[in-house]
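Subject: Structure handover

Hi,

Here is the structure I promised to pass on. My notes come after it.

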Amino acid sequence: MIGVLGAGAFGTALAVALARDGRQVMLWGRNEGTMAEMARSRETARLPGVTLPEGIEITADLARAASAETLLLAVPMQTLSAVLGSIESPLEGRKLVACCKGIDLATGEGPSHVIAHAKPGTLPAILTGPSFAADIARGLPTALTLACEDAEAGLVLQHVLSTKTLRLYRSTDVTGAEVGGALKNVMAIACGACIGAGFGDSARAALMTRGFAEMTRLAVHLGAKPETVTGLSGLGDLALTCTSELSRNYRYGLALGRAEGFDPSVTVEGAATARAVAALAEREALAMPVSGVVAALTEGKVTISEALDELLSRPLKEE
Ligand SMILES: NC(=O)C1=CN([C@@H]2O[C@H](COP(=O)(O)OP(=O)(O)OC[C@H]3O[C@@H](n4cnc5c(N)ncnc54)[C@H](O)[C@@H]3O)[C@@H](O)[C@H]2O)C=CC1
Ligand SMILES: O=C(CO)COP(=O)(O)O
């Protein structure tokens with residue numbers, strides 16, 4: 001049995017893909033009324049046009065869902081610690097797969113460390129890479145990285161979570177996979193803002209490239225392998241998210257660039273993560289200029305033209 005905690009777009013899409021491939025899945029969401037309605041209609045507004053297979057048990061009972069052998073944690077990054085804290089069972093020896101992207105603002109930690117601190121003795125892993133929930137739910141081909149420090153547990157998870165259309169590549173470099181997933185959202189906000197403000201495609205390509213350099217710098221500083229950053233979890237997801245209007249982070253950036261409002265209820269992981277990265281960069285004395293500018297922009301501390309000036313006025317250097 002696979003338990004998916006978080007019945008938003010991504011958690012539900014993963015539950016749909018796994019159930020369609022014959023897995024038994026329990027999908028948990030915190031709102032009893034919403035979950036009862038999902039169970040009745042076998043639909044969700046988060047994934048229009050998608051029918052939830054009968055193989056998904058829909059529940060608002062956290063203890064029940066958390067009793068599953070493998071748990072996928074598909075809640076927003078800044079809520080991960082609280083959700084884990086509300087599970088009474090210690091979950092010792094169980095595989096806990098983070099399906100969220102970002103860095104915890106309170107601690108500066110990625111999802112696997114948040115899991116390890118909240119639930120010691122578990123086997124933390126991360127599932128990350130280029131994939132829109134809508135694509136996964138429609139059964140379109142998707143390739144992701146499954147990273148777990150415990151190679152044996154990673155191998156088991158790779159087989160348990162791969163389907164005919166969802167192809168998982170295995171890695172033991174959890175830090176590299178997490179940094180890629182977290183930073184690509186920050187860069188997507190930057191790229192959206194760039195296009196929204198009318199700075200053009202050449203400027204976006206420059207931001208993606210310099211953003212990738214920042215991603216690599218932080219990952220390697222934290223002990224990751226550079227080749228992980230060139231994989232699906234890094235370059236792959238950066239390419240998707242910085243160029244598609246299906247991305248919420250990119251769309252949020254577009255709105256910032258156009259000086260338009262944006263629905264605050266939409267999950268935009270890159271805003272809090274930019275602030276977490278800026279704090280981390282300062283603590284570790286790392287140059288992370290694009291992340292710093294995105295943090296300032298999303299906090300309303302600079303305008304879009306001040307943000308551009310800041311990046312263009314940096315000292316000239318070797319690439
Ligand atoms: N939507 C997508 O295409 C993809 C999303 N992700 C990641 O998945 C994670 C979740 O995002 P989505 O499902 O897209 O967001 P979403 O906004 O569709 O859903 C978030 C869900 O979390 C629930 N939630 C919020 N706060 C909670 C709390 N304190 N306790 C319990 N539940 C809570 C909400 O009720 C909602 O059901 C994010 O980290 C995102 O980066 C990763 C890959 C693709
Ligand atoms: O992570 C994603 C694609 O890989 C989804 O991106 P957004 O959260 O920006 O919509």
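Predicted model: local features only at pLDDT ≥ 70, side-chain atom pairs only at ≥ 80, totals over all residues.

Domains

Across the boundary, 20 residues of domain 1 are in contact with 20 residues of domain 2. On the domain 1 side, β7 (142-148) and β8 (166-171) each supply at least two of the touching residues. β7 gives the largest share, 3 residues. By class, that side of domain 1 has 9 nonpolar, 9 polar and 2 charged residues.

UniProt records

The record lists residues 2-152 as "domain: Glycerol-3-phosphate dehydrogenase NAD-dependent N-terminal" (unreviewed entry). In the model this span is 31% helix and 22% strand. Its end C-alpha atoms lie 18 Å apart. The record also places "domain: Glycerol-3-phosphate dehydrogenase NAD-dependent C-terminal" (unreviewed entry) at residues 173-308. That span is 73% helix and 0% strand. Its end C-alpha atoms lie 34 Å apart.

Two packed helices are described by the angle between their axes and the distance between the axes. I give both for two pairs.

Take α8 with α14. Helix α8 covers residues 174-196 and helix α14 covers residues 289-298. Their axes come within 9 Å and cross at roughly 70°. An angle of 65 to 115 degrees counts as roughly perpendicular, so α8 is roughly perpendicular to α14. The crossing is left-handed. From α8, the contact uses Val186, Met187, Ile189, Ala190 and Ala193. From α14, it uses Val290, Ser291, Val294, Leu297 and Thr298. These residues divide into 8 nonpolar, 2 polar and no charged.

Now α8 with α12. Helix α12 covers residues 248-257. The axes of α8 and α12 come within 6 Å and cross at roughly 40°. That angle makes α8 oblique to α12. The crossing of α8 and α12 is right-handed. On α8, the contact residues include Asn185, Ala188, Cys191, Gly192 and Cys194. On α12, they include Asn249, Tyr250, Arg251, Tyr252 and Leu254. The contact of α8 with α12 divides into 12 nonpolar, 6 polar and 1 charged.

Best wishes

Conventions
Residues numbered from 1 in each chain as written. Chains lettered and ligands numbered in written order. Contact = placed C-beta atoms within 7 Å. Helix = DSSP H or I, 4+ residues; strand = E, 2+ residues; numbered from the N terminus. Nonpolar A, V, L, I, M, F, W, Y, C, P; charged D, E, K, R; others polar. Axes fitted to C-alpha atoms, helices over the stretch in contact; angles between N-to-C directions. Parallel < 35°, antiparallel > 145°, perpendicular 65-115°, else oblique. Left-handed = near helix turned anticlockwise from the far one by under 90°. UniProt positions renumbered as here; feature names shortened; annotations may be inferred.
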